[in-house]
Amino acid sequence: MSLPAADDKRAVVEAMFDRIAPRYDLMNRLMTFGIDRGWRRQAIASLALRPGERVLDLACGSGDLAAAALEAGGRVIGVDFSAGMLRAARARRLGCGLVRADALALPLADASIDAVVSGFALRNFVDLRAALAESARVLRPGGRIALLEVDRPASALLRFGHAIYFRRIVPLLGALVAERDAYTYLPESTAYLPDEPTLRAQLAAAGLGAIKKRSLLGGAAQLVTAARTGEAAEPAASDSPERARHA
C-alpha cells in the first residue's frame, strides 16, 4: 500500500481504521508480544495524574490508554474520528466519555484539560503541527502531554533487525489476522514522522515546554512528554480545513 496523497489521507486513514477496528487490539498484542501494554502504562504514569484530573485520550482507538488513565484516577474523555474504533471502545464499557471528533478541531474549551495522552497517532494526523497546537489549546497551563509513537532504533544492528520485522513480518502478520494493506501502511507511515529536533520544535511552537523523549525497546518506540507553558499556543501556520486523527 502506497501512502495516500495529502488530500486523500484523512479519508483513507479513517476508512482503514474502521475496517481493522475488530482486530486492532489483537494485532497490537501480537505485533509487540504484549509489550505495548507496558508502554501505555508508562505513558499514563508519566502524566503523574492526581485523582479527578481531566484526561483527553486523543485518537483513543479502542480505548487502551483511556482504560489505563481511568485506573490511575483520571476523568477521561476519548476522542477519535473513526466510528469503528469508537464502537470497539464503547463495547468495553470503560466508563468514560467517547466522542467522535477530529484532532484538529476538538470539541473542548480552552484550558479545560489537565492531561493529554495519545498512542501511535502522530503519523496519522493530516497536519501534525495543527494537532499539537489544538492539544495545547485545550490543556491548562502546566497541563501535561504524553505521546507514544513508533521510532527507529539508533543502533545499526537493531535498526536492521527492526526493519526486517517491521517491514516484512508485520505486514505478513497483518494479512493473516486483519488486513495486509493496513499493516503495510504502518511501517510506511513512519515517513510522516518528523525527526526529533523537528518534533521538539513543533511542540515548542504549540506552547509546550519541558520536552523529554524516552526510547522504548531499543528505540522501536518512543514516549515524548511535555507540559503546557503559560503562554497561548500559536495557531499552526499550516492549519487546514482537513481534519485528522489516529492510529
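Leucine 223 touches Gln42, Ala43, Ser46, Ala146, Leu147, Leu148, Lys212, Lys213, Arg214 and Leu216, leaving aside residues up to four places away in sequence. Contact here means heavy atoms within 4.5 Å. This is a predicted model, in which local features need pLDDT of at least 70, side-chain atom pairs count only at pLDDT 80 or more, and totals for chains, interfaces and linings use all residues. Residues are numbered from 1 along each chain as its sequence is written, and side-chain values use heavy atoms, without hydrogens and water.

Leucine 223 sits in strand β7 (residues 221-228). Helices (H or I, at least four residues) and strands (E, at least two) are DSSP runs, numbered from the N terminus. With a relative accessible area of 1%, leucine 223 is buried (under 20% relative accessible area, with a 1.4 Å probe and protein chains only). Its C-alpha atom is 6.8 Å from that of alanine 43, 180 residues apart along the chain.

Ala43 also belongs to a helix contact: Asp36, Arg40, Ala43 and Ile44 of α3 meet Asp64, Leu65, Ala68 and Ala69 of α4. These residues divide into five nonpolar, no polar and three charged. The axes of α3 (residues 35-46) and α4 (residues 64-71) come within 9 Å and cross at roughly 50°. Axes are lines fitted to C-alpha atoms, for helices over the stretch in contact, and angles run from 0 to 180 degrees between N-to-C directions.

Now the other pair. The axes of α1 (residues 9-20) and α5 (residues 83-91) come within 6 Å and cross at roughly 35°. Phe17, Asp18 and Ile20 in α1 meet Ala83, Gly84 and Met85 in α5.

Definitions and conventions: Nonpolar A, V, L, I, M, F, W, Y, C, P; charged D, E, K, R; others polar. Buried < 20%, exposed > 50% of the residue type's maximum accessible area, 1.4 Å probe, protein only.
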